[in-house]
Amino acid sequence: MGYLRIKCYYCGGTWEVYHRDLHNRYKKARECPHCFQKIDEQTWEKQIFPAYNALDDANRELFKDHLGHHVPLFEVSYESNTIFKNAKNWPSYSDDDDSSDIE
Ligand SMILES: [Zn+2]
């Protein structure tokens, strides 16, 4: 259904993590495919994976409501707003795509 998009501020690359990747290639999924930096394993397991599942479940539920109760269909996704953008030591490499690339 949905996927996670992860932005790596080390190299400026992004990658997508699909549900099947979380199961089949679990270790690779948290690794940047461009520069091979890894997201901390504990952060991945305790924060990112549950957040993904929660939104995935939410969308499944919205879809069920739509089918079962004929209510309008809604879909929720999350786009990071780069919380630390204004921090003093924010890296200078580009982050020009944070506003308008919704698929
Ligand atoms: Zn990277």
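What follows is a quick walk through the fold, the strands, the helices and a few residues.

Biologist: What kind of model is this, and what pLDDT does the protein average?

Modeller: It is a predicted model. The protein averages a pLDDT of 82. 75% of the residues score at least 70.

Biologist: Which element has the lowest mean pLDDT, and which the highest?

Modeller: Helix α1, residues 19–24, has the lowest, at 70. α3 has the highest, at 92.

Biologist: Which residue in β2 does Arg5 stand opposite?

Modeller: Glu16.

Biologist: And the turn of that hairpin?

Modeller: There are 6 residues between the strands. Gly12 takes a positive phi there, near 90°.

Biologist: Which residues have a positive phi without being a glycine?

Modeller: Phe36 is one of them, at about 65°. His70 is another, at about 55°.

Biologist: Where does Phe36 lie?

Modeller: In the loop between α2, residues 26–29, and α3. Phe36 counts as exposed because it has 11 C-beta neighbours inside 10 Å, and the cut-off for exposed is 12 or fewer.

Biologist: And His70, where is that?

Modeller: His70 lies in the segment after α3. His70 is exposed too, with 7 other C-beta atoms within 10 Å.

Biologist: On to α3. How many residues does α3 have, and how far does it reach?

Modeller: α3 has 29 residues. It reaches 40 Å from its first C-alpha to its last. That is close to the 42 Å expected at 1.5 Å a residue.

Biologist: Where does α3 bend?

Modeller: At Ile48, by about 30°. A proline, Pro50, follows within four residues.

Biologist: How many of the 29 residues in α3 are buried?

Modeller: The count is 1, so α3 is hardly covered. Across the 103 residues of the protein, 5% count as buried.

Biologist: Pick a residue in α3. Why does Tyr52 count as partly exposed?

Modeller: Tyr52 sits in α3, which spans residues 41–69. Tyr52 counts as partly exposed because it has 18 C-beta neighbours inside 10 Å. Buried would take 20 or more.

Biologist: How far apart in space are Tyr52 and Tyr18?

Modeller: 9.8 Å, C-alpha to C-alpha. In sequence they are 34 residues apart.

Biologist: What about His66? Which residues is it in contact with, leaving aside neighbours within four places in sequence?

Modeller: His66 is in contact with Val71, Pro72 and Leu73. His66 itself is found in α3. With 14 C-beta neighbours inside 10 Å, His66 counts as partly exposed.

Biologist: Last one. Among contacts between residues at least 6 apart in sequence, what share join residues at least 24 apart?

Modeller: 30%.

Methods
Residues are numbered from 1 along each chain as its sequence is written. This is a predicted model: local features need pLDDT of at least 70, side-chain atom pairs count only at pLDDT 80 or more; totals for chains, interfaces and linings use all residues. Helices (H or I, at least four residues) and strands (E, at least two) are DSSP runs, numbered from the N terminus. Two strands pair if DSSP finds at least two bridges between them. The expected span of a helix is 1.5 Å times one less than its number of residues. The bend at a residue is the angle between axes fitted to the seven residues ending there and the seven starting there. Two residues are in contact if their C-beta atoms, placed from the backbone, lie within 7 Å. pLDDT is the predictor's confidence in each residue, from 0 to 100.
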